[in-house]
Amino acid sequence: MLEQKDVVIIGAGAAGLFCAAQAGQLGLEVLVLDNGKKPGRKILMSGGGRCNFTNMYTDHGAYLSDNPHFCKSALARYTQWDFIDLVSRHGIAYHEKTLGQLFCDNSAQDIIDLLLKECEQGGVELRMRSEVLSVEPNERGFLLQLPAGDIQAKSLVIASGGLSMPGLGATPFGYKIAQQFGIKVLPTRAGLVPFTLHKPLLEMLNVLSGIATPITVTANNGTSFKESLLFTHRGLSGPAILQISSYWQAGETIAINLFPELDIDGFLNSERLEHPNQSLKNSLARHLPKRLVECLQTLNIVPDVALKQLSVPQQQRLIEELQNWQIQPNGTEGYRTAEVTLGGIDTKALSSKTMESNQVPGLYFIGEVVDVTGWLGGYNFQWAWSSAWACAQALAQRE
């Protein structure tokens, strides 16, 4: 006997589990397949193990896509407040860390448990270690071939994620299915990812590994983020760098303002009046890590002079350098450490209301596999919840 299901969802991550739970609770017979050992492995790793599950300021402007309007419908229909309400109903304690980012007080496992309880409530069947060998369309929907036997699905949802963090089981499966059905896949690259640096600069900055400082960073296209920069033994990281990495293209420079809050000109002038014999280095070290100031001296950005020796032209050049430090990254650390994948399933091939393929009825794509990528800070989880919810409503109406 051929096993039959209303809906098969491939991928037991945030989007797949949430879609399964919603569709199951709407009365559909749902099976989730995943080739991993445990559901929600990326959820468990997220937010330093506490899962930054949404952002209070979620808005479509925080998403990158070839079609920036695509995400509006789903985000408006299932909002951050809807998911926050669900978290509260499950009795999960949470807190705002910064900039609207909400984290579990306890552990990311709380969000996985929430999703599994919601799936249980919807009678969802979950099969781990299940590799899908092939997918073929037929008159009743889709025939899936697995080592344990074939499955017939009326509807098929691809929630297999992107290429980021291959150590957690990421594969190009979703893109291959799209290409099989003639659906365009836009070029992919690592997003929310640390930068590597060219050797001479890296060697100079290596002594700063582990040091963080608040900055404003700007990409060539004018996009800016004001957050922390973290120096690492491989290059640059921290929230500001992860954010700007999604807007950076190979070969471009980034501009770093090391004094995003300070009037450097006024500060140096008042310091000169009070401590004319103090070194410029020691004055700047009141607002920047001392080792960083020493590195900036090595790079000939900060002159090795006392304040009284600093000329007006020198001071103006210094301010320009400190507020517009141009760095050309060598590249990024790639998918291995990237939090998300930019690009993916072309949104022009999908309905923004249902996530269904425009050309293959019954085939849906949700979550990270789609060309919608959010900022750091819970935005990508919110896209997972919103796209999954929109898809589940459509699945129920289709039946």
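Is R129 buried or exposed? I looked it up in this predicted model: R129 has 60% relative accessibility, so I put it down as exposed, the cut-off being over 50%.

I picked R129 for its backbone. Its phi is near 50°, a positive value in a residue that is not glycine. I then checked where R129 sits, and found it in the loop between β7 (125-127) and β8 (134-138).

Next entry, C51. Here too phi is positive, about 55°, and C51 is not a glycine. I traced C51 to the loop between α2 (41-45) and β3 (52-55). Its relative accessibility came out at 0%, so C51 goes down as buried.

Then I zoomed out to the whole chain. I counted 13 helices and 21 strands in the protein. The C-alpha atoms fill a box of roughly 90 × 40 × 35 Å along the principal axes. Of the 399 residues, 54% count as buried.

I also looked at contacts between residues at least 6 apart in sequence: 73% of them join residues at least 24 apart.

Last, surface and charge. The protein exposes about 17,000 Å², and carbon and sulfur atoms supply 50% of that area. I noted 32 positive and 38 negative side chains, with the centres of the two sets 4 Å apart.

Terms used:
Residues are numbered from 1 along each chain as its sequence is written. This is a predicted model: local features need pLDDT of at least 70, side-chain atom pairs count only at pLDDT 80 or more; totals for chains, interfaces and linings use all residues. Side-chain values use heavy atoms; hydrogens and water are left out. Helices (H or I, at least four residues) and strands (E, at least two) are DSSP runs, numbered from the N terminus. Buried means under 20% relative accessible area, exposed over 50%, partly exposed in between (1.4 Å probe, protein chains only). Contact means heavy atoms within 4.5 Å. Accessible areas come from the Shrake-Rupley method with a 1.4 Å probe; for residues, only the protein chains shown count as cover. Lys and Arg count as positive and Asp and Glu as negative; His and the chain ends are not counted. The place of a charge is taken as NZ of Lys, CZ of Arg, CG of Asp or CD of Glu.
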